[in-house]
Every structure is written in C-alpha cells, then in structure tokens.
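I opened this notebook to record what I looked up in one model. The entries follow the order of my reading.

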Amino acid sequence: MKGTVEKVKCQLIDFHHPTGANGTHPALFSWVKEYFHKPLSFKPPLYLQHHGHSRTIVGIEELQDASLRLLIFDPSTTKKQMQQFHSDIDDNLMRTLRRPLSAMKAKQYQIVAVVGTLSEHDYNESKLIRSDRVP
C-alpha cells in the first residue's frame with residue numbers, strides 16, 4: 001500500500017504558569033475559545049499536554065454566566081465510560097468530557113494546534129521548533 005505524507009504545520013503555545021486565582025489558567029481557556037470561534041470551515045482538535053499526560057480538546061462551551069468549559073477526550077477515560085456515548089447523552093454523561101477552569105490546575109500546559117500544511121520551503125524552515133509563550 002502506498003501512502004502520502006502530509007507536511008503538517010503546527011503551532012506550539014506554552015502556558016508556563018497560572019494566570020488566574022488558585023492556580024487556574026484563564027489565558028489558556030481564552031486562547032482555546034478564540035481558536036474554536038475563528039470562522040474556518042475545518043478546525044482540527046487541539047492537543048493539550050502537561051507533565052505526564054496528553055489530552056485532546058475537541059471544543060469549548062460558554063455558559064450563560066460567560067464561564068467556559070473545555071470539551072476533552074482523555075485517554076484515561078475507561079472504555080466503558082466512552083461506550084455510554086452510544087446511548088442518550090445527558091448532562092451527567094457529559095461530565096466525562098467537560099473540564100471547568102477550576103479543574104485545570106497543572107503548573108504548566110502546552111497546546112499543539114494543527115494550523116495547515118507546509119510547502120517544501122516551509123518544511124525545511126520548520127526543522128527548528130519554536131513555541132509561543134503565554135504570558
């Protein structure tokens with residue numbers, strides 16, 4: 001079988017320390033909200049990394065009080081928990097995916113965002129990895 005290799009362009013965003021009260025990361029939530037609100041036809045998920053763990057951000061919810069919740073696929077979620085999504089989905093089940101600001105208290109986070117594909121020239125230039133540091 002013959003395949004093609006896409007030269008994927010990624011952006012790294014580092015959140016080096018909490019920007020809110022009680023060790024929370026409101027700057028991270030704001031960045032994710034902005035990403036998912038951009039008017040693009042296709043938005044790949046975001047890859048969230050922190051010490052010892054990686055998760056996949058598939059969306060964000062904004063509540064009536066303007067608070068935000070990340071929608072996250074976590075590989076530590078059991079198969080049984082995920083299989084429940086084949087039935088009726090209610091608020092109790094959605095707690096498996098929802099992460100409010102108060103639940104995200106690692107010292108540092110990094111997001112990997114897929115932002116396009118690379119030309120041959122850009123591919124050669126991209127061999128040096130850079131990240132954007134927030135704040």
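**Basis.** I worked from a predicted model, in which local features need pLDDT of at least 70, side-chain atom pairs count only at pLDDT 80 or more, and totals for chains, interfaces and linings use all residues. Residues are numbered from 1 along each chain as its sequence is written, and side-chain values use heavy atoms, with hydrogens and water left out.

**Sheet.** I looked up the strand order first. I took helices (H or I, at least four residues) and strands (E, at least two) as DSSP runs, numbered from the N terminus. Two strands were taken to pair if DSSP finds at least two bridges between them. The strands form an open sheet of seven, in the order 5-4-3-2-6-1-7, with mixed pairing. Strand 5 (98-100) and strand 7 (131-134) are at the edges; each has a single partner strand, so one side of each lacks a neighbour in the sheet. From one strand to the next, the twist averages 35°. For angles, I used axes that are lines fitted to C-alpha atoms, for helices over the stretch in contact, with values from 0 to 180 degrees between N-to-C directions.

**Pairings.** Strand 1 and strand 6 (residues 109-117) run antiparallel and are joined by eight bridges; L12 is set opposite V112 of strand 6. Strand 2 is antiparallel to strand 3 over five bridges, and to strand 6 over four bridges. Q49 stands opposite S54 in strand 3 and has Q110 as its bridge partner in strand 6. The hairpin of strand 2 and strand 3 has two residues between the strands, and G52 takes a positive phi near 80° there. I noted the two faces of strand 2 as well: L46, L48 and H50 form the covered face, Y47 and Q49 the uncovered one.

**Helix 1.** Helix 1 lies across strand 1, strand 2 (46-50), strand 3, strand 4, strand 5, strand 6 and strand 7, and runs at about 65° to strand 3.

Is T24 buried or exposed? I classed residues as buried under 20% relative accessible area, exposed over 50% and partly exposed in between (1.4 Å probe, protein chains only). T24, in the loop between strand 1 and helix 1, counts as buried at 8% relative accessibility. Leaving out residues up to four places away in sequence, T24 touches P18, T19, L101, S102, M104 and K105. T24 and L101 are 77 residues apart in sequence, yet their C-alpha atoms are 6.3 Å apart in space. N22 lies in the loop between strand 1 (8-15) and helix 1 (26-37); N22 counts as exposed at 65% relative accessibility. N22 is not a glycine, but has a positive phi of about 60°.

I located A66 in the loop between strand 3 (53-62) and strand 4 (68-73), where A66 is partly exposed at 48% relative accessible area.

Definitions and conventions
Contact = heavy atoms within 4.5 Å.
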